[in-house]
Every structure is written in C-alpha cells, then in structure tokens.
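Here are some notes on how the two chains meet. Please read them beside the model.

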2 protein chains.
Amino acid sequence: MKEHKIACSFSWRRRNLSEVLVDSALSSLGDSYINFVYSVALSNKKGEPEGTKVKGSILAEALRKAGLREYLPSRMSRHSLADAAEALAVYAWLDDCLRLDEAVDAIRKINDPVEALTRLLVAAKERVTFP
Amino acid sequence: MKEHKIACSFSWRRRNLSEVLVDSALSSLGDSYINFVYSVALSNKKGEPEGTKVKGSILAEALRKAGLREYLPSRMSRHSLADAAEALAVYAWLDDCLRLDEAVDAIRKINDPVEALTRLLVAAKERVTFP
C-alpha cells in the first residue's frame with residue numbers, strides 16, 4: 001500500500017546521536033512505532049495478521065550489537081537501553097531517512113529478532129541526520 | 001514524510017464487515033496500529049513526541065458511536081468491542097482505503113478521544129471493500 005506524507009509538526013529534531021538515545025519523549029513514541037513495524041513484519045512472516053510487543057531485552061541486545069552502547073552513559077539499565085533503541089528507530093522515521101516500508105523489510109528478512117532489530121538500528125544509525 | 005508501498009503479503013482479506021469485527025488476528029495487529037497512529041496524532045497535538053496506549057473503554061465507546069455495534073453479536077464484553085474497533089481500523093489500512101496519514105489527520109483534528117476515534121471508524125466503515 002502507498003503511504004503519503006504524514007504531518008509531524010511537533011518538535012522532534014535533536015542535535016546528535018547521544019541526545020536522541022537518552023530522549024524519553026522520543027522513546028515513548030518509539031515504543032508504539034517499533035511494536036507496529038515489528039507486528040507488520042511478523043504478520044508477513046506468519047502469513048496472517050499478528051500483533052506483538054517487542055521485549056525490552058531484545059531491543060537492549062540489538063542496541064549493543066548495533067554498536068550504539070558507546071554513545072550512552074556507562075551505567076544504564078536494560079530498560080534504558082531498550083528505550084534508546086526505540087528512540088533512535090522512530091527518530092530515523094521522523095527524519096525521513098528510514099521509511100516505514102524499509103523498516104518492515106529490514107526486519108522481515110531476518111528470522112532472529114535480535115539480528116533483525118540490529119539491522120534496523122544499524123541502518124538508522126548510518127542514515128540519521130542532525131542540524 | 002513520504003511513505004512507500006509496504007508489502008503486506010499475508011492473508012488479511014475478509015468477506016464482510018461482521019467477519020472483520022470479530023477477527024482476533026486482525027485485532028491483534030490492529031492494537032499496534034491504533035496505538036501508533038494515535039501516538040503520532042497526540043504528538044502533533046502536544047508539540048512533542050509522545051506515545052500512548054489507547055484505552056479499551058474509549059475504543060468500545062467509539063465503536064458504538066460509529067454505528068458499528070449492530071454488526072456484532074448481542075452479548076459482547078467491552079474488551080471485545082475494543083478489539084472490533086482495532087480490527088476494522090487496521091483492515092481499512094490493509095485495504096489501502098484509509099492511509100496512515102489520513103488516519104493521523106482524522107484523529108489529530110478532534111480533541112475528544114472518543115469523537116476522534118469515532119471519526120476514524122466511520123471513515124473506515126464507509127470505505128472498506130470486500131471480495
């Protein structure tokens with residue numbers, strides 16, 4: 001299906017990667033984004049509609065594998081690492097550098113959830129832009 | 001932002017409105033869809049990113065206001081009515097008759113959550129197609 005321009009008239013731009021990763025407002029929106037993208041990808045894999053909530057432990061592990069841990073403070077809970085992954089994923093979508101269909105495709109091609117989300121985060125990290 | 005064709009290669013088409021409304025697979029995917037769409041609309045209203053989970057009671061009330069109660073069996077829990085709303089909303093998206101940007105726009109223009117979701121469901125009901 002074709003999606004058209006979605007108006008995102010709120011203040012989402014941040015100055016650098018570290019700012020994105022610790023932003024709780026972005027991670028709050030990112031939570032719903034990741035769950036939707038992952039659910040569409042999962043539906044494609046299973047052959048029928050299915051919704052899911054991506055576990056924090058999987059997001060945290062994907063963040064580490066994507067080489068993003070170094071951009072965060074040394075002491076962080078697994079929950080905060082998962083939040084960071086959600087924040088970056090939705091920032092890449094807002095930044096229009098990783099479209100929804102690309103995110104779904106990145107995930108659906110890989111069976112292992114951690115690897116699939118690592119691929120998504122690596123693409124996001126490589127493409128995001130800052131002012 | 002521009003969204004491109006999202007591959008939804010799974011079996012989602014149903015024969016009529018009643019079949020859509022009682023479909024638990026559609027409602028499962030619809031849950032993540034509604035939360036994402038509503039979160040983007042909410043972010044636009046608030047001026048900053050924010051994620052939310054739409055309450056079942058709000059979805060159930062919107063379903064009634066949209067005139068969809070009559071398509072369902074007489075005895076249904078509020079939870080099942082909320083599921084029905086989620087199923088129809090995502091079916092309209094899968095059917096490519098209500099784009100993501102249109103869904104966000106429908107919600108963001110109205111302050112009352114029930115009214116906003118009623119508007120979304122009415123649009124979905126009017127536009128969905130069946131084989």
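1. In this predicted model, 38 residues of chain B are in contact with 38 residues of chain A, contact being heavy atoms within 4.5 Å. The model is predicted, with local features needing pLDDT of at least 70, side-chain atom pairs counting only at pLDDT 80 or more, and totals for chains, interfaces and linings using all residues. Residues are numbered from 1 along each chain as its sequence is written, chains are lettered from A in the order in which they are written, and side-chain values use heavy atoms, with hydrogens and water left out.

2. About 3,800 Å² is buried between chain B and chain A, 62% of it on carbon and sulfur atoms. Buried area is the accessible area (1.4 Å probe) lost by two parts on being put together, summed over both.

3. Elements of chain B that give two or more residues to the side touching chain A are α2 (24-46), α4 (78-94) and α5 (100-108). Helices here are DSSP runs (H or I, at least four residues), numbered from the N terminus. The largest share, twelve residues, comes from α2(B).

4. That side of chain B divides into 17 nonpolar, eleven polar and ten charged residues. Asp, Glu, Lys and Arg count as charged; Ala, Val, Leu, Ile, Met, Phe, Trp, Tyr, Cys and Pro as nonpolar; the others, Gly among them, as polar.

5. A rotation of 180° with 0.0 Å of shift along its axis superposes chain B on chain A, at RMSD 0.0 Å (least squares on C-alpha atoms of residues with pLDDT of at least 70 in both). This is the relation of a two-fold axis.
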